[in-house]
Amino acid sequence: MLNPAASARRAIPSLDRLLKLDAAADLVARYGRPLVTDAARAELAGLRAALARSDAAFDEGGFMRACAARLAREAQPSLKPVFNLTGTVLHTNLGRALMPQEAAQAVARAMTRPVNLEFDLDGGDRGERDRHVERRLLRLTGAEAALVVNNNAAAVYLALNTLALRKEVPVSRGELIEIGGAFRLPDIMARAGVKLVEVGTTNRTHLKDYEGALSPRTAALMKVHTSNYAIQGFTAAVPEDRLAALAHRHRLPLLTDLGSGMLANLEDYGLPHEPTPREALAAGADLVTFSGDKLLGGPQAGLIVGRAELIERIRKNPMKRALRVDKMTLAALEAVLEIYADPDRLARRLPTLKHLARAPDEIEAQAQRLLPAVRSAVRDRAQAEVVEVKSQIGSGSLPVDLLASHGIAVAAPGKRRNALAARIAAAFRALPVPVIGRVSDSAFIMDLRCLEHEEEFVEQLRHLDLETKGVIGDE
Ligand SMILES: *Cc1c(COP(=O)(O)O)cnc(C)c1O
């Protein structure tokens, strides 16, 4: 005997029949047959299990709507825009530097049209891809030559591998950095085939420590900008010019890994000083490496500038081919470097600098402007107020310098304020354009320093759902 649930299950039409329905045809036109078939199959499997447990009848319209919703969900891009309200301007996990429109347009052109990437338009023969940015880099750094690779980790690797394969490079113990995302200088040196000779101590390294480490196998000296931490107190490090003099006395090159490598003078914009490649070269460094997507404000890239003869050797390293950048990176980098030609317009046109240089009262005014919208979105579930916060530059730049800023703090009253703040953060992350803030002092805090697209932010708030995330204060 069949029970009613079993007969309802039997009434489910076949996949073939379902795919012939008009509603299915619409979905096929939109998403293609393979995806629609997979979605219908997955929905059917779930439905069979559900109908086996009840005596509900198969609902064709409901089934098709479920398929459509599943397809729409799966068609969402995985990589998508978010609001970076973390207070960290160059947030590595959120894609670091934002680029100007000029760069976006240059990338779109390079993507959709043939370009003279490695083609010399004068001679009509093969060209060199790095030449598109070299001239501008030389102007901005005072270097003799420049070269571009995939990121600064690659730049450090390639420079070391070229200068010092199977040889020794002394580095101060105070400069053996780890950067987030698994860049550890000792590991990179090992993979580059270079023997690291540690000199000095964690807090103090002197010139005589380097002198004592020199041997016939020494191939270069290296200085690393300790970009994401500061050693304070009883400290000593050897300034670049003295280290360069020592290297040159022994006919060795000095390699400096600057990390961020801002091309303009940050003090001109009211910000703390960050060493520039020009300064490092002027102090005697023979090669300087830095990132394209940190303070420079461009695409992910590693830049190497310095002496022409050394750059030429790096260019010939077979690993250069494996680490080279593509035309999109070069297009974006060229557009960003072009902006640097005019320091007066830099802070307006370069998003990274614009965000870093924003005046605290302007940010506060924005916070006051947005407060009512946030308050009405959280209703009686939580309280929102404007708070003073400190922004960070991020991505291993100026680790101890914080910038005065303002934000909106959202907190729910109750005994478990920390857990509630984490749930509020989750509700903001679940918005169609996710809003990423941070949890601090039992509140969810949105630092508005980097908020652009204000209207879109307000529009997001309409979708805020604290209920589902379990934000229930127990007053
Ligand atoms: C960030 C950084 C790196 C790594 O640069 P990526 O561009 O992220 O690969 C290397 N060295 C220093 C000193 C840095 O600050």
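Tutor: The model is a predicted one, in which local features need pLDDT of at least 70 and side-chain atom pairs count only at pLDDT 80 or more, while totals for chains, interfaces and linings use all residues. Residues are numbered from 1 along each chain as its sequence is written, and side-chain values use heavy atoms, with hydrogens and water left out.

A pocket here is an open set of points on a 1 Å grid over the protein atoms alone, where a 1.4 Å probe fits and protein lies on both sides within 12 Å along at least five of seven lines; a lining residue has an atom within 4 Å of a point. The volume of the second largest pocket is about 350 Å³, where volume is the space filled by probe spheres set on the points, and points are joined across faces, edges and corners.

Two strands, β9 (221-224) and β10 (254-259), each give at least two residues to this lining. Strands are DSSP runs of E with at least two residues, helices are runs of H or I with at least four, and both are numbered from the N terminus. By class, the lining holds 9 nonpolar, 9 polar and 3 charged residues. Nonpolar covers Ala, Val, Leu, Ile, Met, Phe, Trp, Tyr, Cys and Pro; charged covers Asp, Glu, Lys and Arg; the others, Gly among them, are polar.

Next, the ligand. There are 13 residues around the ligand, and A153, S227, D257, S291 and K294 come nearest; to be counted, a residue needs a heavy atom within 4 Å. This shell is made up of 4 nonpolar, 6 polar and 3 charged residues.

R96 has a polar side-chain atom 2.9 Å from a ligand oxygen atom. On its own the ligand has 380 Å² of accessible area, and the protein covers 95% of this; areas come from the Shrake-Rupley method with a 1.4 Å probe, and for residues only the protein chains shown count as cover. Helix α8 (152-164) and strand β10 are the elements that give two or more residues to the shell.

D257 also has a partner within the protein: its side chain makes a polar contact with the side chain of T289, at 3.0 Å. A polar contact is a pair of N or O atoms within 3.5 Å; within protein, one must be able to donate a hydrogen and the other to accept it, and residues adjacent in sequence count only if both atoms are side-chain atoms. T289 belongs to strand β11 (residues 287-291). T289 is buried, because its relative accessibility is 0%; buried means under 20% relative accessible area, exposed over 50%, and partly exposed in between, with a 1.4 Å probe and protein chains only.

As for the whole, the protein has 475 residues, of which 49% count as buried. There are 20 helices and 17 strands in the protein. The C-alpha atoms fill a box of roughly 95 × 60 × 45 Å along the principal axes.
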